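Have the structure open as you read.

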Amino acid sequence: MDIGWYLVLSAFIFCIGAVGVLVRRSPLVILICLELMLNAGNLALVAFARMRGTGDGQIFALVVMIVAAAEVVVGLGVIVAMYRDRLPMDVDEMSELKG
Amino acid sequence: LEAAVFFAAAVMAIGGALGVVLQRNPFYSVLSLVVHLIALAVLFLLLQAEFLAAAQVIVYAGAVMVLYVFVVAYVGGLEDPLTEPNPLLRRAAPVFVGTLLAELCVAILGSGLKAIDTHGAQLRPGFGSPSQVGELFLTRFLVAFEVVSLLLLIAAVGAVVLARRTTEGVG
């Protein structure tokens, strides 16, 4: 398969994730949609690594995976804290950064 | 055969992504994401990134998704209204994303990169194998490796602090 196909596929997945982030309201689902966008970026990075024939893009993709894991851990911690404080699970109502 | 595998995995990946966005129940969203991640691992294999494919399945589809399932079960499968009640955003989102998609496709297909219409460069044997990834990580990208390990430590500590039971008004 040509590299271009992979890049177009990653653009599609990125846009689906962007729709999710814009349209959904539950913070949990928004985190999952962010995951989707990060994975689309990863696919493009791996495709470019294949195109150039060097391993650099794969290292970058691995680092993105690790950063995504860190983001998930902190995000889920925030969601659990929100649930414990009986805050509404709705990002439109959570518009203040007050502890 | 490669084309058949690519299209099967691409359809699975897009289907999984659509499932994530369209499922009303967050639990099914997480399961769709697992399907999506496994399809992406197949694509990584097609791109000769063996180590990344294995890490994707084990770390992502395994560990991170288990974390998601735990939190969904803990918070409860709250049914979530599918669309935004704010009519402006609901109407603007498809327009914005459609524009973004068109722009990305134009940027990719009109980029003039000659290698984009090829299968990619000639590869050395062992490309994408764990030994090559590890060697790059511990030589050229040593700084990134150390920074990322520090970031993971900070994230783990931060999550513990955030999700701790708040007693005596701390937290």
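A polar contact is a pair of N or O atoms within 3.5 Å, where one must be able to donate a hydrogen and the other to accept it. Keep in mind that this is a predicted model. By that rule, five residue pairs are in polar contact across the interface of chain B and chain A, with both residues at pLDDT 80 or more.

Which parts of chain B do the touching? Helices 1 to 6 of chain B each supply at least two residues of the side that touches chain A. Sorted by class, that side looks like this:

| Class of residue | Number on the side of chain B that touches chain A |
|---|---|
| nonpolar | 63 residues |
| polar | 11 residues |

Now for the area. About 7,200 Å² is buried between chain B and chain A, and carbon and sulfur atoms give 76% of it. In chain B, the residues that lose the most area to chain A are Leu47(B), Tyr60(B) and Tyr68(B), together 10% of what that side buries. In all, the contact takes 83 residues from chain B and 68 residues from chain A.

Finally, zoom in on helix 2 of chain B. This helix covers residues 26-46 and reaches 30 Å from its first C-alpha to its last, close to the expected 30 Å. At its start, a side-chain oxygen of Asn25(B) comes within 3.0 Å of the backbone nitrogen of Phe27(B). After the helix comes Gln48(B), with a positive phi near 65°.

Definitions and conventions:
Residues numbered from 1 in each chain as written. Chains lettered and ligands numbered in written order. Predicted model: local features only at pLDDT ≥ 70, side-chain atom pairs only at ≥ 80, totals over all residues. Heavy atoms only, no water. Helix = DSSP H or I, 4+ residues; strand = E, 2+ residues; numbered from the N terminus. Expected span 1.5 Å × (residues − 1). Contact = heavy atoms within 4.5 Å. Buried area = accessible area lost by both parts, 1.4 Å probe. Nonpolar A, V, L, I, M, F, W, Y, C, P; charged D, E, K, R; others polar.
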